[in-house]
Amino acid sequence: QVQVVESGGGLVQPGGSLRLSCVVSGSIFTIYAMGWYRQAPGKQRELVARINNNSVTNYADSVKGRFTISRDNAKNTVYLQMNDLRPDDTAVYYCNADLLRRDRIRSGHWGQGTQVTVSS
């Protein structure tokens, strides 16, 4: 079993900051890529940022320069620092982990999501 748990969401005013965290635990051999996705009401889930096991990152154009993804391999944790938040960043943010389980099966796992609301 693999568990993916996000935290750090909340309500913030425009221009504010939040830091999301995601911890992956369970029957893990190694984690390849970890990423943050978001889904706003009535819209499809979209990639926000992704980081691989060589710390190579990629970002959606809409968040470049404002969001930073990082990971702590020792803690199986990925972070998303979000600055200069805008109302259109409002969404449920999901963490995804692409990993190799201890039974040597590669699989992707999603967390339950954390709500981020940007509003005055």
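Two rings of Phe, Tyr or Trp (for Trp, its six-membered ring) make an aromatic pair if their centres lie within 6.5 Å; planes under 30 degrees apart count as stacked, over 60 as edge-to-face, and the rest as tilted. By that rule, the structure holds 1 aromatic pair. Y37 belongs to strand β4 (residues 28-39) and W110 to strand β10 (residues 106-110), so to speak distant parts of the chain, 73 residues apart. Strands here are DSSP runs of E with at least two residues, while helices are runs of H or I with at least four, and both are numbered from the N terminus.

A word on the model itself: it is predicted, so local features need pLDDT of at least 70 and side-chain atom pairs count only at pLDDT 80 or more, while totals for chains, interfaces and linings use all residues. Residues are numbered from 1 along each chain as its sequence is written, and side-chain values use heavy atoms, with hydrogens and water left out.

Back to W110, which has a relative accessible area of 39% and is therefore partly exposed. That label covers the range between buried (under 20% relative accessible area) and exposed (over 50%), using a 1.4 Å probe and protein chains only. R45 also lies over the face of W110, at 4.6 Å from the ring centre. Over at Y32, the charged end of R106 sits over the ring, 4.1 Å from its centre. For a charge to sit over a ring, NZ of Lys or CZ of Arg has to be within 6 Å of the ring centre and within 35 degrees of the ring normal.

Next comes the disulfide, counted when a pair of cysteine sulfur atoms is within 2.5 Å. The structure holds 1 of these: C22 and C95, with sulfur atoms 2.1 Å apart. Since C22 lies in strand β3 (residues 18-26) and C95 in strand β9 (residues 91-101), the pair ties together parts that are 73 residues apart in sequence. The torsion about the S-S bond is about -80°, so this disulfide is left-handed. C22 counts as buried, because its relative accessibility is 0%, and C95 is buried at 0% too.

Finally, there is an open sheet of 4 antiparallel strands in the order β1-β3-β8-β7. β1 (2-7) and β7 (67-72) are the edge strands, each pairing on one side only. Pairing takes at least two DSSP bridges between two strands; β7 and strand β8 (residues 77-82) run antiparallel and are joined by 6. Within that pairing, S70 stands opposite Y79 in β8.
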